[in-house]
Amino acid sequence: MAGILHRTLRLRTALSALSSTATARPSHVDLCSPVLLTSSWQFRACCRKLHAGADGPKQSPAAAPERLPFSRVTEEDLNFFRKILQARTITDPDLLESSNVDWLKSVRGSSEVLLRPQTTEEVSQILSYCNNRNLAVNTQGGNTGLVGGSVPVYDEIILSTALMNNILSFDSISGILTCQAGCVLENLSLYLEERDYIMPLDLGAKGSCHIGGNVATNAGGLRLLRYGSLHGTVLGVEVVLADGRVLDCLATLRKDNTGYDLKQLFIGSEGTLGVITAVSVLCPRKPKSVNVVFLGCETFEQLLKTFQLCRGMLGEILSAYEFLDSECMRLLNTHLKLPNPISDCPFYVVIETSGSDPTHDGEKLHNFLEEAMTSSLVTDGTVATEDSKIKALWSMRERVTEALTHDGFTYKYDISLPVERIYQLVTDMREHLGDRAKSVVGYGHVGDGNLHLNITSPAKDPALLAAIEPFVYEWTAGCQGSISAEHGLGLKKRNYIYYSKPSQAVTLMGNIKAMLDPKGILNPYKTLPDNLK
């Protein structure tokens, strides 16, 4: 009892500063029995062909397929691009190096041309020419993707949106921002904060990722619990189609029920249907009161009960509920030297509240913490109200990905599951792999049912990958989950789509792709499976 009182006193001490809250954020369940759907059967048949072929070595469904018969870039092609872009046509291998390799350094292309347009018209001219010449194009934003979707597989031309970074307009009454696709998310956030607004999404990669890439991958992030997905907050897009036609759906209306909502096709399409060149986004007001709480729980069941309590007592001011396990904390301590802000626990929770009244928000948070502590759902915790301390607590969640890169080669899985089953996958994966893996960690967005399962090994290990896949996808399909909650499919997961989508849906996706990009020049080898019928 004394220990509980001591920890409660610690939280009360921190809560006493809530009235001066900083006004902004810097930025045992059994394994489900397998459900063998027709679509899953079709996928496994494909796997057997890939893994059991007698004519060659085993091949992972995540491996690159053979190069398609696209044209190769000639000097005449380069002259055309230079006529449009001049010095913004890059062929220096040293300058191309970083654009050919993904952030995880797990996928490497061999493109010899990097194009850096500044306008939609330049993108239109480039795609029209490439379509006529049958030249494949890989659109690239901040290159922060985790599934190999943002870099070329072979020699595709890299079309970078980095110089398309202008804010076109902002309506301070409606909160609607219109900007080019190459704007960096963090820069947009800073621009809006000066005007008492914020972006509806926040990501750990915000300092590098582009808003166009965010939309193209339907990025989720840390604020989805509060503000929803980009399918709801993106009001309009401007897209250049494969043949160079410009589709202007750059609406700034919150309500428009005239015909099909075409912009939704491109949100999450990973650059396979068109190149997004501009977006309009509905932005929420900047909260006047922001608090971040870092809590420790002894069991995942207690963590879930804390979430239930949190939603009930914090209600409208709850903006994030994130978790990480003790293995994540170990990696943060070991590789990034980040100290644990509380005592050691099996699970940790990051809760953010944001509202308009510091006193009201502080009272609600205080009452929640009192109840969580006296109910023994939480064993320790700390509260931050100042910008620097808020950043420090958020870094414990946002920098897990960075810590993993120092632990070895990382196999990353972005899974959507019923909330009560999220962590059971981590537990079962540890048991399944035993000592074959160096680390198996779990973290993610509890409020969204989104688990980030990460497995490390000293080096790339095909035997380990064969043990992970398809086990992880079969487990997920058995729980009616999704094999990609927010990262997309890209190159690495394209052939696993049948675990989450029925064959009829995948076929329809292929039909849409064929209609909008009949030659298949846009981001080939990505998103859709190789065995598409």
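How many disulfides does the structure hold? I looked, and the structure holds zero, a disulfide being a pair of cysteine sulfur atoms within 2.5 Å.

I noted the source first. This is a predicted model, in which local features need pLDDT of at least 70 and side-chain atom pairs count only at pLDDT 80 or more, while totals for chains, interfaces and linings use all residues. Residues are numbered from 1 along each chain as its sequence is written, and side-chain values use heavy atoms, with hydrogens and water left out.

Cys328 counts as buried because its relative accessibility is 0%. Cys249 counts as partly exposed because its value is 22%. The cut-offs are under 20% relative accessible area for buried, over 50% for exposed, and partly exposed in between (1.4 Å probe, protein chains only).

Gly315 follows H11 and has a positive phi, near 50°.

Last, I looked at strand E3, residues 137–140. Val137 and Thr139 are buried on one side, and Asn138 and Gln140 are buried on the other. E3 runs parallel to strand E4 (residues 157–160), and four bridges join them; strands pair if DSSP finds at least two bridges between them. I found Thr139 opposite Leu159 in E4.

Terms used: Helices (H or I, at least four residues) and strands (E, at least two) are DSSP runs, numbered from the N terminus.
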